[in-house]
Amino acid sequence: PWVNDEEWPLLCVRFADTGTIDDVVSLFKAVETFYASNTQPFAWVVDAGGIGIVDAKVRQVTASHEERTKLHKARFNQGSAFVIKSPMARGIVTAIFWIAPPVYRHEVVSNFESARAWALAQLQRPAADRAAASDR
């Protein structure tokens with residue numbers, strides 16, 4: 001229920017600040033089901049602007065999801081833009097991505113409009129440029 005695909009191939013997900021670990025697991029299962037049948041390029045806007053500190057269980061579930069889906073993302077994800085409102089949290093996420101870069105292009109921004117514009121721009125890049133980026 002959190003994923004919006006009305007602008008396919010742009011996918012948007014907005015994390016609720018009141019979400020539970022069961023919500024996160026359910027979201028990741030839905031995303032992995034989608035990935036199992038998807039063979040087209042796409043981009044994400046991940047709006048995590050409303051969440052605060054993420055507990056260890058959510059970090060563990062998220063890391064496992066990223067590991068399980070990295071091959072599909074390397075092939076089809078043209079870019080993911082992450083909305084994080086807190087400057088401190090943006091800095092932490094940027095540092096994590098610097099240490100352990102995702103297999104896809106990414107951007108960390110403070111608002112949804114900037115994230116959406118960046119993700120749409122990734123989908124507009126020439127196919128050869130997108131392929132070269134996924135070979136990283």
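This report walks through a predicted model, from its overall layout down to a few residues.

## Ground rules

Since this is a predicted model, local features need pLDDT of at least 70 and side-chain atom pairs count only at pLDDT 80 or more, while totals for chains, interfaces and linings use all residues. Numbering starts from 1 along each chain as its sequence is written, and side-chain values use heavy atoms, with hydrogens and water left out.

## The overall layout

The protein has five helices and five strands. Both kinds of element are DSSP runs numbered from the N terminus: helices are H or I with at least four residues, strands are E with at least two.

Of the 136 residues, 37% count as buried. Here buried is under 20% relative accessible area, exposed is over 50%, and partly exposed is in between, using a 1.4 Å probe and protein chains only. The accessible surface comes to about 8,100 Å², and carbon and sulfur atoms hold 58% of that; the areas come from the Shrake-Rupley method with a 1.4 Å probe, and for residues only the protein chains shown count as cover. As for contacts (heavy atoms within 4.5 Å), take those between residues at least 6 apart in sequence: 76% of them join residues at least 24 apart.

## The nonpolar cores

As a general point, nonpolar side chains in soluble globular proteins tend to be buried together. A nonpolar core here is a set of buried Ala, Val, Leu, Ile, Met, Phe, Trp, Tyr and Cys residues joined through side-chain atoms within 4.5 Å. The largest one has 21 residues, and Trp44 and Phe82 have the most contacts inside it. Two or more residues each come from β2, α1 (21–37), β3 (42–47), α2 (56–76) and α3. The largest share, five residues, is from α1.

Leaving out residues up to four places away in sequence, Phe82 touches Val46, Phe97, Tyr104, His106, Glu107, Val108 and Val109. Another core, of 12 residues, lies apart from the largest one; Leu10, Cys12, Phe112 and Ala115 are among its members.

## Ser80 and its strand

Ser80 sits in strand β4 (residues 77–83) and counts as buried because its relative accessibility is 2%. Its side chain makes a polar contact with the side chain of Asn77 at 2.9 Å. (A polar contact is a pair of N or O atoms within 3.5 Å; within protein, one must be able to donate a hydrogen and the other to accept it, and residues adjacent in sequence count only if both atoms are side-chain atoms.) Setting aside neighbours within four places in sequence, Ser80 contacts Trp44, Tyr104, Arg105, His106, Glu107 and Trp118.

His106 in β5 stands opposite Ser80. Strands β4 and β5 (residues 106–109) run parallel, joined by four bridges; pairing takes at least two DSSP bridges between two strands. To get from β4 to β5, the chain passes through helix α3 (residues 87–99) in a right-handed β-α-β crossover. Right-handed means that, with the strands pointing away from the viewer, the path from the first strand over the helix to the second runs clockwise.

Asn4 is in strand β1 and is partly exposed, at 35% relative accessible area. A polar atom of the Asn4 side chain lies 2.7 Å from the backbone nitrogen of Glu6. Not counting residues up to four places away in sequence, Asn4 touches Leu10, Leu11 and Cys12.

Pro9 is in the loop between β1 (3–7) and β2 (10–14). One to look at on screen: the peptide bond from Trp8 to Pro9 is cis, with omega near 15°.
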